[in-house]
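Subject: Structure for you to look at

Hello,

Here is the structure I promised to pass on. Please open it and keep it beside you as you read.

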Amino acid sequence: MIPLRTSAGWRVLDGFGGSVRALSRSVCPTSVDELAQVFAAARAEGLAVSFRGAGRSYGDASLNSGQLAVDGRGMRRILAFDPATGVLEAEGGASIADVWRHTLPAGWWPAVVPGTMFPTLAGCASMNIHGKNCFKVGPFGDHVLELDLLTAAGERKTLSREREPELFLAAIAGLGLLGAVTRVKLELKHVDSGQMRVRPIVVRTLEHMFDTFVERMPDSDYLVGWVDCFASGPALGRGLVHQANQLSSAEDPLGRESLALSRQDLPPAIFGVPKSLLWMLLKPFTNDTGWRFVNSVKYAVPERVDKDGTYRDSHAGFAFLLDYVPDWRLSYGAAGFIQVQLFVPDANARQAFSEALRLCQKRGVISYLAVFKRHRADDYVLSHGLDGWSLALDFKVPRDAHKLWDVAADLTRLVLEAGGTYYPAKDQVVDARSFARAFGERFTRFRELRRRMDPDGLFGNDQARRLGLV
Ligand SMILES: Cc1cc2nc3c(=O)[nH]c(=O)nc-3n(C[C@H](O)[C@H](O)[C@H](O)COP(=O)(O)OP(=O)(O)OC[C@H]3O[C@@H](n4cnc5c(N)ncnc54)[C@H](O)[C@@H]3O)c2cc1C
């Protein structure tokens, strides 16, 4: 039996936003057998077990104060890949980067990726992450053909839409509360070239942002909006939309050579500054005055485009923009930052988002980075997905943090009143009552299934306790 309650192996782990931390006993098993032994040892020692992939969730999703945190990255092998069909199997701890670096030279790219390449497949499945193409291809779960789950009882189950569909639909977006995801079988999407054509579009107002998406969606592979949250009055919600479309090898001047990994690598330096130091240059701007200036420049200074108003970008360059500046989160300072992502149904989103932007301005709590996306509904029990829109707002945690917590609570209420949902990957503020009301019958169904699968409550984490899920 592995001894867990020893003095060794306790570590302070944080959420990606750096504003929440927890001391946990951390273990990193390298096989399913070893993981099963960890479960047995935790049960014997009365420790609750949580899972952590790359720790890229912003808040407390992968934290487990005073308990056991299983680091999934000891199990990250690519197990199989068929370049004829684009079907890949990997252990849960393999990252999105591990996947595309393995498959792109053969012309396959993950159908859904987040804004950073480091999350693990298990983390992506357990949150049912979405990409900038959610309106078109749905969330991550829609591309999972099968997954293996190691349950609290030590049983190894293979789940899919055909095999144990009830458990499959709950394990996707299951927040690691039904067992460990140890293997994921994914269908990838075929790409003929390693580049996309990107069109930046200036939008003058929030209405214009919505209208641009509606107009462009039928002809876009990817669409993402950036909102300048300092702009007020008639310019409320102004920003930029980036539309991206895959190129065929015939359209790409580099042809299939652009599929080479060397063509995807993000540059090692920007304006001569090594990537690793770039976050320090952001630091002086990470305050209201500095960021207002950054936003005005970003809005007013046109990007470099060809005659037709577009430019070419690699898949990695377009998808993982935030990875250009490693450790950018440190620029927010010691107290870190939080993200509040509002998910609101189509019918209410225009009003809810403009209310949210006004509310933040009135309280003097302005988001420095705001990202706008279109989503589509899905059928995973606890998924945030809906036929609607999202606005993700990053807030620096200020010295008088209570102002931010008050605004966050009001935004939580606003989402509930607008019939929206919450996204645990980004959440650190939602209360159990609001979460239960937003998910309604789905919340009850999930808790019942969890009780059946894990009657002794082996699995848990700080977020699940806060949201009333365990
Ligand atoms: C810069 C940045 C950009 C992002 N952009 C996006 C985006 O565009 N779209 C989006 O949807 N998300 C986005 N995210 C969020 C991120 O994709 C999710 O939080 C994702 O879940 C992180 O994966 P992870 O491997 O780091 O998992 P963690 O954050 O470590 O854990 C996430 C969840 O997965 C569970 N889990 C982890 N491993 C296992 C396992 N082996 N078995 C069972 N459960 C497990 C944990 O219990 C937890 O509930 C972004 C995050 C960052 C930092």
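First, the ground rules. This is a predicted model, so local features need pLDDT of at least 70, side-chain atom pairs count only at pLDDT 80 or more, and totals for chains, interfaces and linings use all residues. Residues are numbered from 1 along each chain as its sequence is written, and side-chain values use heavy atoms, with hydrogens and water left out.

Domain 1 covers 10–73 + 454–466, and domain 2 covers 74–190. These bounds come from an automatic or database domain assignment. The C-alpha centres of the two domains are 20 Å apart.

Now the interface. 26 residues of domain 1 are in contact (heavy atoms within 4.5 Å) with 20 residues of domain 2. About 1,800 Å² is buried between domain 1 and domain 2. Carbon and sulfur atoms give 67% of that area. Buried area is the accessible area (1.4 Å probe) that two parts lose on being put together, summed over both. Val 32, Arg 73 and Phe 459 supply 28% of what domain 1 buries against domain 2, more than any other three residues.

Next, the charges. The rule finds 1 salt bridge across this interface (a side-chain nitrogen of Lys or Arg within 4 Å of a carboxyl oxygen of Asp or Glu). Arg 156 forms a salt bridge with Asp 33. Their closest N and O atoms are 2.7 Å apart.

Best wishes
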